[in-house]
Amino acid sequence: MNLTPSQWAALLPLIIPALGACAVPLMALDRDQATAKWIRAAMYGTALLAVGASFWYLTNLWQTGSQPSFYQLRMDRLAQFTGIFVLVAAALTILQSWDHFHQEGWVKGETLSLLLFSVTGMLLFAATSHFVALFLGLELFSIPLYAMVGTVRARTESSEGGMKYFLTGAVASSCFLMGGVLIYGLSGTLDLTAAAITLKAQGLALDPLVLAGAALMLMGFLFKVSAVPFHQWTPDAYEASPHPIAGFMSVATKGVALIALLRIFPGSLAPLGAVGVKMQAVVAAVAMATLVLGNLTALVQTNVKRMLAYSSISHAGYLLLGLVAGTPAAYSGMLFYLVIYLAMNMGAFGLLTAFGLVGEQTTFDDLRGLGWKRPAMGVAAAIFMLSLAGIPPMGGFYGKYMIFRELVGTGHVGMAILGVLASLVSAFYYLRVLVALFLQAPSAEAERLASDRPAVHAPLAGATVLVCAAIVLAGGFLQAFLADGFARRALVDGLGLIR
């Protein structure tokens, strides 16, 4: 089949990481100990090259304004925004994993291959409204994540967390599949945009099977977002994962699911207005439950990774409130918030690697006094925690403000108040991190164990943490530029939601 340049342009952002994913395991076949260090460097270099090349290509498409397509694959502005978002998260993950896996003593090339395959699936998932392509993208990015959770097989909780994620994810994927099948059976088309037009013309917008199909598809999205009550897998999976993988899951999976949700419900299924109203009511209930449960449960955690997991759940609630508001400005606020959330969470998980906290050494007690020993990391930690809590002038504050403002403007004042109260509650457990870092001295036993261990060197993880801190600070002062220059353009040219 001869492809046109436009079709190649739509496919290349997916082909490049897929080729990298295929090349990395071939390098891992070399078992010669004399060349192991060079092979390891080549694997990481190849992974970074694949991510960087795809990133460069997408940014070039963005700058030129090109929006190529290949049948049902549309590399429009929204897909380009998503691709850049995911590739930045992947690059940060690769850099952090170099230090982390050396600390764990478990450096395996297949982890990089799985990460690149997951990136490919995410790019596909966010660039189509065709149900078969959507489902293929969903499985292509989910199955590698199941395996990456259980990467460090020497830890028993790693296998347990991976299995729990796999079983719950299989149920969510089955629900998503069943929902699409119901809509296809009634409309006779797998393209969700065409299906919505057909169902409206046939007067089936409020047919019970259509509502059931939309609800089942929504359930699949909410699982990936870690929204209540589909959140049970999140704390165990994050705790079992290597720190960089947990950060990638918390950022990329959530972001891709929310952007795909925007493409499908306000976008493709817009002709079924009544369905959208009912789904919006469901999302409102889920968002409120997610805010309450996520924040209250995070208060009682003693493990930093589990606290960050419940924090991730609560932030899903804030982001879902943008869908409840349902205005173009709210959608822009969601995309802006996702950019800041990328920096906040990747930086927060990267701190654990930068401090050398591996395995089970991720409690609040393990953080004691580290802020003074590593002042640059301590300052970065303060930036992340204050931004996660929504304290101005950090970028996290403006992300929440954009969403809360639209909630008030659309008459959802009670939800806006709930969001503000949830942010106040979250300040307590985020400040616990800073208290441990700066105001609590390590125990004598911890000092003795630290003196027996070699000094921690994590230059790449430390560099990524500082970059993330700079992005969070920049988001607080350049929010108009980011929201209008990137988020708004993605929505205008990608979905046509703003005129």
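Predicted model: local features only at pLDDT ≥ 70, side-chain atom pairs only at ≥ 80, totals over all residues.

Biologist: Why is helix H12 called roughly antiparallel to helix H13?

Modeller: The axes of H12 (residues 304–325) and H13 (residues 328–354) cross at roughly 175 degrees and come within 10 Å. Angles over 145 degrees count as roughly antiparallel, and therefore H12 is roughly antiparallel to H13.

Biologist: What makes the contact of H12 with H13, by class?

Modeller: That contact has 15 nonpolar, four polar and one charged residues. Among them are Leu 308 and Tyr 318 of H12, and Met 334 and Phe 349 of H13.

Biologist: Why is the aromatic pair of Tyr 146 and Phe 166 called edge-to-face?

Modeller: Their ring centres are 5.6 Å apart, and the planes stand at 80 degrees. Tyr 146 lies in helix H5 and Phe 166 in helix H6, 20 residues apart.

Biologist: What is noted about the phi of Tyr 71?

Modeller: Phi of Tyr 71 is near 55 degrees, a positive value in a residue other than glycine. Most residues other than glycine have a negative phi. Tyr 71 is in the loop between strand E1 and strand E2.

Biologist: Which peptide bond is cis at Pro 229?

Modeller: The bond from Val 228 to Pro 229 is cis, with omega near 5 degrees. Pro 229 is in the loop between helix H8 and helix H9.

How values were computed: Residues numbered from 1 in each chain as written. Heavy atoms only, no water. Axes fitted to C-alpha atoms, helices over the stretch in contact; angles between N-to-C directions. Helix = DSSP H or I, 4+ residues; strand = E, 2+ residues; numbered from the N terminus. Parallel < 35°, antiparallel > 145°, perpendicular 65-115°, else oblique. Contact = heavy atoms within 4.5 Å. Nonpolar A, V, L, I, M, F, W, Y, C, P; charged D, E, K, R; others polar. Phe/Tyr/Trp six-rings, centres within 6.5 Å; stacked < 30°, edge-to-face > 60°.
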